[in-house]
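Here are a few friendly notes to read alongside the model.

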Amino acid sequence: MPGISNTIERFIKSMIDMAEDRTIEIQRNELAEKFDCAPSQINYVLTTRFTPYKGYYIESRRGGGGYIKIIKVGIDENEDINTIILDTIGESITKNKAYHIIDGLLEEDFISSRERDIINAAIGDRALSKENATTRNELRADILKNILLILVK
């Protein structure tokens with residue numbers, strides 16, 4: 001059901017954009033009723049489209065309709081961005097997760113589309129083709145962390 005997933009994603013993002021502190025609290029069941037879908041569809045959208053790699057933190061509590069708090073982490077917030085970068089990327093990262101982080105930075109207007117393209121080229125499988133799969137993801141993480149740490153200075 002990509003159609004309903006896209007609609008739910010757009011709705012949640014518009015709520016976050018309207019929220020002064022970029023934080024919203026919703027109930028899974030109420031959202032499912034609004035879109036006439038199962039609560040599992042809401043879970044699917046949250047787990048695939050609102051991930052830390054895309055700049056979102058989610059707090060979830062079961063019971064009472066499934067309370068969910070979604071926080072959009074912006075580059076301009078007071079949190080230590082260096083720590084966020086290091087914790088989110090970790091020691092190893094897949095190409096897709098790395099691309100999600102980079103797309104999130106572009107979405108926040110922290111980097112330009114040209115910078116995104118350059119970073120994607122530097123961490124892509126083609127640039128790292130001489131490495132085996134395990135070391136490729138470790139090298140990708142190191143390269144991405146170093147580039148982003150320089151950008152946030």
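1. Contact here means heavy atoms within 4.5 Å. Helices (H or I, at least four residues) and strands (E, at least two) are DSSP runs numbered from the N terminus. This is a predicted model, in which local features need pLDDT of at least 70, side-chain atom pairs count only at pLDDT 80 or more, and totals for chains, interfaces and linings use all residues. Residues are numbered from 1 along each chain as its sequence is written, and side-chain values use heavy atoms, with hydrogens and water left out.

2. Start with α6 (residues 113–123) and α7, whose axes come within 9 Å and cross at roughly 155° (axes are lines fitted to C-alpha atoms, for helices over the stretch in contact, and angles run from 0 to 180 degrees between N-to-C directions). That angle is why α6 counts as roughly antiparallel to α7 (over 145 degrees; under 35 is roughly parallel). The crossing of these two helices is right-handed, meaning that the near helix is turned clockwise from the far one by less than a right angle, with anticlockwise giving left-handed.

3. Which residues of α6 and α7 meet? From α6 come E115, I119, A122 and I123, and they meet R140, I143, L144, I147 and L151 in α7. By class, this contact of α6 with α7 has 7 nonpolar, no polar and 2 charged residues (Ala, Val, Leu, Ile, Met, Phe, Trp, Tyr, Cys and Pro count as nonpolar, Asp, Glu, Lys and Arg as charged, and the others, Gly among them, as polar).

4. Helix α5 (residues 95–107) packs with α7 (residues 133–151) at an angle of about 15°, their axes 10 Å apart. It is therefore roughly parallel to α7, and α5 passes α7 in a left-handed crossing. K95, A98, I101, I102 and L105 of α5 meet N137, R140, L144 and L148 of α7; these residues divide into 6 nonpolar, 1 polar and 2 charged.

5. How do α5 and α6 pack, and at what angle? The angle is about 170°, with the axes 10 Å apart, so α5 is roughly antiparallel to α6. α5 passes α6 in a right-handed crossing. The contact is made by A98, Y99, I102, D103 and L106 of α5 with S113, R116, I119, N120 and I123 of α6.

6. Do look at the largest pocket too, which holds about 170 Å³ of space. A pocket is an open set of points on a 1 Å grid over the protein atoms alone, where a 1.4 Å probe fits, with protein on both sides within 12 Å along at least five of seven lines; grid points are joined across faces, edges and corners, and a volume is the space filled by probe spheres set on the points. Its lining (residues with an atom within 4 Å of a point) has 13 residues, with L46, T47, F50, I58 and S60 nearest the centre. The largest share of the lining, 4 residues, comes from β2.

Technical notes
Angles under 35 degrees count as roughly parallel, over 145 as roughly antiparallel, 65 to 115 as roughly perpendicular and the rest as oblique.
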